Structure formats: C-alpha cells, structure tokens
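This briefing covers side-chain contacts in a predicted model. The points below are grouped by topic.

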Amino acid sequence: MRHALLVALLLSTPAWSQEGGVKMEPKYAPGDKAAVATESTIDLEISSKDGEAEKHRALSTSRQESFTQEVAEVASGRPRLLRIKCTKATIRKSGSNLSPVELTGAMEGQTYQVTPSDSSPVKTLTGDPAPVEAEMLGSWEELVRLLPGDAKKIGDSWTIDAKDAGAAVWMANLAGTAGTLQCSLTNHEGSKATISFKGSVTGTTRENFKVALELSGEYVFDTATGKSVSYTASGSLQMEKKVTERIQKPDSYDAEIVEIGWISVKSKELKAKVTFQ
C-alpha cells in the first residue's frame, strides 16, 4: 500500500519545482483549436517635408479582432498549416481632418489558410489573395520564440536576438533587423509561467522606412498544455524615410538621386494585447 501511495504521489507531482526550474515546451497536434482575441492601439504624429513646406498631422487607429483557429498540419513540432476564421473585426480611426469613424474590417466573416514561419502569402480557402490587413494572421504562434530552450527558475533571465523573435516585436517583416530582447521568468503559478521582456529593435521596412522600436511587456505560457495564454506589450515607435527624386544631369545621359524631403512618424501611444482560449 505504501509503495502504491508513493507511486501515485510521484505521478501527480508537477513537472516543476523551484529547485529544478520549469521547462516551457510548446505542444501542437492536428485538430487543436483555439479562440484568439487581439487588441491594438497606435497614435501617431506624422511629419513630412516636400521642398520648402512642412506638414504635420495626427492619426489614431485602434483595432479589436476575434478569431477561431484550427491546426490543420504539424511539422517538426510546430503548426505547418492553420485555418483561421475572423469572427469580428472592428477598426476605429480619428485624426487631423478625420472625424472619428468606426469600420468593419475586410477580414470579418472570412476564413484563411495560414502557414506560420513561411513567406507564403495568406490566402482564402478558395486560394484567393487575402487583404493586406490579414498579412500577419497566425503570427501569434511565433510568440513561443520568447521561450528559453532550457529549464528556468524564477528570476532567471535570457536574451533573444530580435531577428529571431518573430511576432513578439510586431514588425516581423523588417529587413536588416537588429537588437535584442531581455527576457526573465518572473512568476509561475499552477501551470502558468509569466515571462517579462524588454528591448529595442531596428530595421528597414519594405517601403524603405528606417525603424526604431522600443517595447516591453509580458507573455504568459501554460506549461501543462504547451500553449500561449496571453501577450501584452507597449512601447514607442519612430520611422523615418528620405524622399528622393531622380534628376537628369544637363547635357548628359546620367542622372543623380537628389533628396527633396523626408517623412517622419513617431508614436504617442503604442500597445497591443493577444489572449488565447
């Protein structure tokens, strides 16, 4: 009887203790389903100069979106194919010369096929191209990149290269991404592990804007289910781009690139939240 009780106690012991640390490993299987809700707010100050004139304007955008998700295929322990349906997409905008307006996003009511960690474009189930706002669908599965590769105790820290952080830095399509995120295990209650992160990211967008991003936040991961629970982050963003013009040289077939202005974008507020159920 004593031996049976000892075995039962061993089998019921959580796979974590402060002495041994906690191992945070994502787990996926075909057919896994989840409800995902995202919220974001970005308030921008946009300045530009074209020739001698300078212009300044403000733009505020907030989004609230809800999705249902099913893992269709798994490869190397990660989702290879996701089917994601947008059940709600609400967009609110306001700014200089723009009265507050509420819109329904183009994704609402649509279902998409997504291949995370892949350059393949998001498509509808019929194979049609998805709207631009669907470009980052499913990128929340990349949040597991914040996890350490080994067991950690509360207070332990680790560093992640920004180019490997995926959606955790919001702008995953930057070229020449540089910077780091400093992560630490700040709490572990039941099976919920809380990771705090803070860092900076620089890079260049496809439109040639030079980007500087500072961000911090928390990521909660369920060590029992191997799934994300929530992600919250806030920060500041600055983007700059030179405006140039190609001018033909007099009496020559050659041309030169001349800077004629610039565009500057700075955030007044920048925050995002993702929750999983």
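Lysine 152 is buried, because its relative accessible area of 12% is under 20%. Its partner in a salt bridge is aspartate 150, at 3.3 Å from N to O. Aspartate 150 is partly exposed, with a relative accessible area of 41%.

**Other salt bridges**
- The count of salt bridges comes to 11.
- Side chains of opposite charge can pair when their charged atoms come close.
- Arginine 145 and glutamate 142 meet through their side chains in a salt bridge of 2.3 Å, N to O.
- Of these two residues, arginine 145 is partly exposed at 32% relative accessibility, while glutamate 142 is buried at 8%.
- A salt bridge also joins glutamate 269 to lysine 271, where the closest N and O atoms are 3.4 Å apart.
- Glutamate 269 is partly exposed at 30%, and lysine 271 is partly exposed at 42%.
- A network of salt bridges links Arg63, Glu65 and Glu133.

**Aromatic pairs**
- There are three aromatic pairs in the structure.
- In one of them, phenylalanine 67 and tryptophan 140 have ring centres 5.1 Å apart and planes at 45 degrees, so the pair is tilted.
- This pair links distant parts of the chain, 73 residues apart: phenylalanine 67 is in strand β4, and tryptophan 140 is in the loop between β8 and β9.
- Phenylalanine 67 is buried at 3% relative accessible area, and tryptophan 140 is buried at 7%.
- Tyrosine 219 and phenylalanine 221 also form a tilted pair, with ring centres 6.4 Å apart and planes at 45 degrees.
- Both tyrosine 219 and phenylalanine 221 are buried.

**Charge over a ring**
- Lysine 227 lies over the face of tyrosine 28, 5.5 Å from the ring centre.

Note on methods
Residues are numbered from 1 along each chain as its sequence is written. This is a predicted model: local features need pLDDT of at least 70, side-chain atom pairs count only at pLDDT 80 or more; totals for chains, interfaces and linings use all residues. Side-chain values use heavy atoms; hydrogens and water are left out. Rings of Phe, Tyr and Trp (its six-membered ring) pair if their centres lie within 6.5 Å; planes under 30 degrees apart count as stacked, over 60 as edge-to-face and the rest as tilted. Helices (H or I, at least four residues) and strands (E, at least two) are DSSP runs, numbered from the N terminus. Buried means under 20% relative accessible area, exposed over 50%, partly exposed in between (1.4 Å probe, protein chains only). A charge sits over a ring if NZ of Lys or CZ of Arg is within 6 Å of the ring centre and within 35 degrees of the ring normal. A salt bridge is a side-chain nitrogen of Lys or Arg within 4 Å of a carboxyl oxygen of Asp or Glu.
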